[in-house]
Structure formats: structure tokens, C-alpha cells
Amino acid sequence: QSSLPSLTSEPNSIMLAPVGDHYTMMDFATAHFREAQSMLGWKGMSAEKRMSGENKSAADLVQHTTVPIQGSLLPYSDSELNELATKNFVTVMRFMGDQPKLKNQNEVECIYEILQLCKEKEILHDEVYCQVIKQVTHNPKQESLLRGWLLLNLLTGYFLPSNILMPYATKFLQQASSDPSSTHYDIAKICQSNLRKNVMYGGRRHLPFPVEMEALLKGRGARRLVIFTPGGMEFLTRIKTFTVAREILQEICEQMGAGEQEEIREFALFAIRRAKKMVRPIRSEEYLHDYLLEDNLVTMSLRRVTWKTPLHFENNIYTDVHYGQMLWDYLNGRMLLGYSKEVEMQVSILAMLQHWAKTTEQHSAAPSREELKEYTPKPLQSCISPQALQNQIGLLLRSRQPLQPKDAKIQFIEHMIKLPLFGYNSYLVERVSDETIPVPCFFGVNKEQLIAVDGDAQICCVIPLKELQKMRTLRPVSDGGLPGIELNYGSAASPKTLWLELSQAKEMYHTIGVILSQTEFQH
């Protein structure tokens, strides 16, 4: 079971851009390192001695060493934490090549050991940050230095330092990325970006797979990713270790000529694992690598989930993407429900527009019966006579001039907009706790409400999203049964509960969460 996902990601109130000469790592070491007071012995020193001796000693505390530390850099009253910190420093040195590795130990295992420690012991985040920063400061060995920065790249994307260390770590990264001629300039910039994202979005949830780690070690920091659309289009992009969905949505939407933030927020990426029939929308602040499995069985697709911004068709890619999504929904019975003579006429017009939407060479002749079947929504194929459809289209073709493919697609979209289920993400529900709702039925969700629609396209239940208090997914009640969703809505004075059983329970649950997060952002 899972509870309603949080709807917003509030950035932490952490200083990310200190200015001036304060907040150097030497300042931090002087104030917080375990050895600082005893090494400097400054309480009885004169100001002159302090100025001459303090800087040298404090600088040593935050500079590269070839000798393992004998105790943690930061003070811990717990001896286990001190031991873990001391052991971790040796692992850092082994990964960077400053100490020999254990027998049969490789770089990837060293990285996992360090990241796993951070995952299990949040209290050691500052210690590990300080250890790695120490080892990349004035490190004379180029290979060791680059390994250390690679480790810092991962740390900044996965784990945050404390509010106390944050301004010092940020200042360190600013200084490291101030010289474009330095060998670590680019990766220091990446670390800065990782840290900003981590503050805003919370860092990656899952540790990297060995394949990803091995690619990073070989200098391949980006991987190729294809984003599919329901209409069969493909967007080729490259993602890095800490790319979030928002960045890819921005990139694709700009290609479509949809550069306004309000419209970009109406799209979502979906992770699809066909082997397990898993479809999951990805929130804009989530990291894509948290969804990509090592076996490459997860694909990504793009869908529009809300439709507040008016559509515009000056860009061909934009037109094709929207046409493809609406066509998929239409042919899979998500847009036009029930049968009547009026529906048959609509199907004829939409079949003709689909035919014209093909290339000019293909649509010069009347569509064949096989093509007409392809143009008809699956649930209506048994209701509408192919001969009647052919006759109807014959009349239409004699009375209308053929349209160019783009114009036909736009007219098809304009027809879809007029349908009652336009703008809804629809799901086939098999069972409902409310006996007044006939099943099977469709439940649709848009930016304002949840509705239940029966087989004749009649709305039989409406739940405004602003009344939704919480929701959770439900496991199947029996082997072979369907998962479900429990919705709690209404007011405190009049609470209501509704549960649904459907195969797409998790997809529906997370789609509602994505829509709610979009609504929260816009408000």
C-alpha cells in the first residue's frame, strides 16, 4: 500500500551562494574538525603566532594526504561512527589510487561501499564530504584528482551536506569552477548543478547500477535515450547521471515550439515496462535514472496529461505529437463511447480525416475495408457495418475536397476537442464500491475532476479534485484479482470513500498525483 504522494517539492532553506572570503573549507576545519583545537593550540597563542601558524596547520587539515587518517575528521561521541569514518577514508584512498585495493576489489565496489555508507548513515554525510574535498585539494596526482572529483560528482547528486557544511561546500565548488583552464573545471560545474538539484528535488533515490558506474569511470557521463510518443514519433536525447524529467520535457517541448513553462508543465514522461505491464508517470522533479533498469526493459514515452493551454499548430512536430496521442486514445476507445447513428457519422468523418492525414499519394483513392477497420475505434468495430461506413465515406468524398495531411490532422484534433471525454486521462474500471455506478465503466481524470462514465457515455459520478483528501493503492484481494485505488474525498463534516478495481491502478494513482502537483505549482 502507498499513501498520497507529496504534492510539492519545497527547496530547503540552505545557503547555496555564499560570497566574499568567508566560508572556506579552512574556516570550516578550524571551527569543526576534531583535531583543529589540539593541533593549533590557539587559546594561549598571541595574535601574531596565531596568524603565522594557524593557517598552515588548518590548511593541512583540508589538503590531500597519502597517509590514512587515524580518526574521523569531525568529532563523534559514538565509537562506531568514528570507526566507520576512518575505514571510509581508506576506501576513498583506494578508489582514488592513493592506497592499494584489497584482493579482488575493484573501483565500482569502492564507490558502492562509500555511497552505501552515506545511504545508511546520514550523520556521516558531512564527514564523507570533508574527506573527499580534502583529497581533491592540492592533489599532485592527476588521475587521483579526477577520481576524487568523480566521487564528489556522485556525492553532490545523491546526498546533501548539513546546513552547517553546505555554505562551505558550495564555496569550495564555486572556487573550483572559477578557472576554466583547470582540469576539473567542467566536473566542478556539474557538481554545483547536482547540489542545486539535490536541494530542489531531493537527490536520486536508487544507487547506480554497475553498468552506469563503469561508464562513468570510462568518462562516459551521458547515455542515449529515446523518448517515444503514442503516435510513433521518437525523440532522441542524452541524459546524464542526475538528469531530471523537467530538463527533458523542456528540451522536447522546445523542439515542438511549446516553450512556455505553463504549457511544458502539462506534459509528463511515462516509464513503461512491458514485461510486467507497468506504466508509471514520472514527476517533473524526479531523476530519470531512478526508473531506468539495468536490463534496458524500461522505455520512456511522452504524453500530455492536462489541456489548459490553448493548442496551436504552427509547428509540425507539435501537430504530429498531439494528433498521434489523440488518435491512439480515439482508436482504443477512450474518446468516443456508445453507439448511435450520430456516432456512426462522427466515425465516418474521423475515418476520412485519418485517411487524408496520410501522405498525399496514399489518400487520393477511397479507403479500403481493411483501412476503414483500422480507422474505427476498437469497441465500435462490431457495431458499425463496414459497408455502411464505406457508403458514408463515399458520400463525404464526393462532397468535399481532400485536405493536405497537416490540415487533416488539425481538423481531426478539432473534432476530438469537441468530444465529452476530451482532456481526460481515462481508465477502464472493472469494479466499484458504489453500486449505483454500472461496471465496467471508464473513470477519467483531468485538471479539475474525476468522473465515472458508463458505456453510453453518460457521466454517473463526479469528484472535484479539490475535494480529494487522500488516496492509496490497494493490493488484489485474491490471487489473480485486480489491484485497486481507495479515494477519500468530501469535507470533514461529510467524508466519503470510494474504491475501484482496475488493472491500471498504479498508473491512475500516479497520474492523479502528477496532475495534483501541476495544479499546486500553477496556484
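I count a contact when heavy atoms lie within 4.5 Å. The model is predicted, and I read it as such.

Overall first. I found 18 helices and 13 strands in the protein. Of its 523 residues, 51% are buried. I also checked contacts with a separation of 6 or more: 65% of them join residues 24 or more positions apart. The accessible surface is about 25,500 Å², and carbon and sulfur atoms hold 52% of it.

Next, helix pairs. I describe two packed helices by the angle and the distance between their axes.

I took α13 (residues 316-331) and α17 (residues 405-417) to begin with. Their axes come within 9 Å and cross at roughly 50°. The crossing is left-handed. On α13 I listed Asn316, Thr319, Asp320, His322, Tyr323, Met326, Leu327 and Tyr330. They meet Lys406, Lys409, Ile410, Phe412, Ile413 and Met416 of α17. I sorted this contact into eight nonpolar, three polar and three charged residues.

Then I turned to α6 (residues 125-136) and α7 (residues 142-158). Here the axes come within 9 Å and cross at roughly 155°. The helices α6 and α7 are therefore roughly antiparallel. α6 passes α7 in a left-handed crossing. From α6, the residues in contact are Val128, Tyr129, Val132, Ile133 and Val136. From α7, I noted Leu145, Gly148, Trp149, Leu151, Leu152, Leu155 and Thr156. This contact has 10 nonpolar residues, two polar and no charged.

Note on methods
Residues are numbered from 1 along each chain as its sequence is written. This is a predicted model: local features need pLDDT of at least 70, side-chain atom pairs count only at pLDDT 80 or more; totals for chains, interfaces and linings use all residues. Side-chain values use heavy atoms; hydrogens and water are left out. Helices (H or I, at least four residues) and strands (E, at least two) are DSSP runs, numbered from the N terminus. Buried means under 20% relative accessible area, exposed over 50%, partly exposed in between (1.4 Å probe, protein chains only). Accessible areas come from the Shrake-Rupley method with a 1.4 Å probe; for residues, only the protein chains shown count as cover. Axes are lines fitted to C-alpha atoms, for helices over the stretch in contact, and angles run from 0 to 180 degrees between N-to-C directions. Angles under 35 degrees count as roughly parallel, over 145 as roughly antiparallel, 65 to 115 as roughly perpendicular and the rest as oblique. A crossing is left-handed if the near helix is turned anticlockwise from the far one by less than a right angle, and right-handed if clockwise. Ala, Val, Leu, Ile, Met, Phe, Trp, Tyr, Cys and Pro count as nonpolar, Asp, Glu, Lys and Arg as charged, and the others, Gly among them, as polar.
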